[in-house]
Amino acid sequence: MRTSALAAGVIGAAVMAAVDEIVFHQLLGWHHFYDRSTPTAGLLSDGLLHAAELLALVGGFFWFADLRRRGDLVPAAAWGGALLGAGAFQLFDGLVNHKVFRLHQVRYGVDVLPYDLVWNSAGALLLVVGAVITRRAARRHRGPAHPRG
C-alpha cells in the first residue's frame, strides 16, 4: 500500500516539475529555475531541472511497473500518491524555492501576490485531495477494523 503511494508520488512530483518546466519556463517564459544570475545560468538550471525530472519520471515508472508485475500495486493508493507528489512539488517550489531561497518568482514585473496565492493554493489542494484518496485506500486495503463474525 505504502510503496504504491511512494512510487506514484515520485511520478506525480516529476509530472508537476515537467508541467512547471514546460509551461512556465519554456512556453510562457515567466522564469527559469534559477533567476539570480545570467540568462545562460537560468537556461542551464532549467536543463538540470529537466534532467532530474526525467530521471525521477523514469525511475518512478520502473518502480510502479515492478509493483504491478509483482501484483503489489494498490491503484487507489497510487492515485493518491501521485496527487501527493504533485502537490508536494508545487508547495515546495512555491514556498521554499520562491520565498525562502528566492531562486525565482512565478512571474516578474507584476504584483506577485495573486500568482503566489494561486500557485500555493493549487499545491495545497492537490495535497489535500491526495491525502484523502490515500487515506481511503489505506482503510479499504486494511479492511474493517472490527470484522463481524
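Guide: The expected span of a helix is 1.5 Å times one less than its number of residues. Helix α4, residues 113-142, has 30 residues and should therefore span 44 Å; its end C-alpha atoms lie 43 Å apart, which agrees. Keep in mind that this is a predicted model.

The protein has four helices and zero strands, and from the N terminus on its elements run α-α-α-α. Its C-alpha trace spans about 70 × 30 × 25 Å along the principal axes. Of the 149 residues, 34% count as buried.

Back to α4. Its buried residues are Asp116, Trp119, Asn120, Gly123, Gly130, Thr134, Ala137 and Ala138. An α-helix has 3.6 residues a turn, so residues three or four places apart point the same way. The buried residues of α4 pack against α1 (2-27) and α3.

His98 counts as buried because its relative accessibility is 0%, and buried means under 20%. Leaving aside residues up to four places away in sequence, His98 touches Asp116 and Trp119, and also Asp93, His104, Gln105 and Val106. With His104 there is a polar contact between the two side chains, at 3.0 Å.

Among contacts between residues at least 6 apart in sequence, 74% join residues at least 24 apart.

Key. Residues numbered from 1 in each chain as written. Predicted model: local features only at pLDDT ≥ 70, side-chain atom pairs only at ≥ 80, totals over all residues. Heavy atoms only, no water. Buried < 20%, exposed > 50% of the residue type's maximum accessible area, 1.4 Å probe, protein only. Polar contact = N/O pair within 3.5 Å; in protein donor to acceptor, adjacent residues only side chain to side chain. Contact = heavy atoms within 4.5 Å. Helix = DSSP H or I, 4+ residues; strand = E, 2+ residues; numbered from the N terminus.
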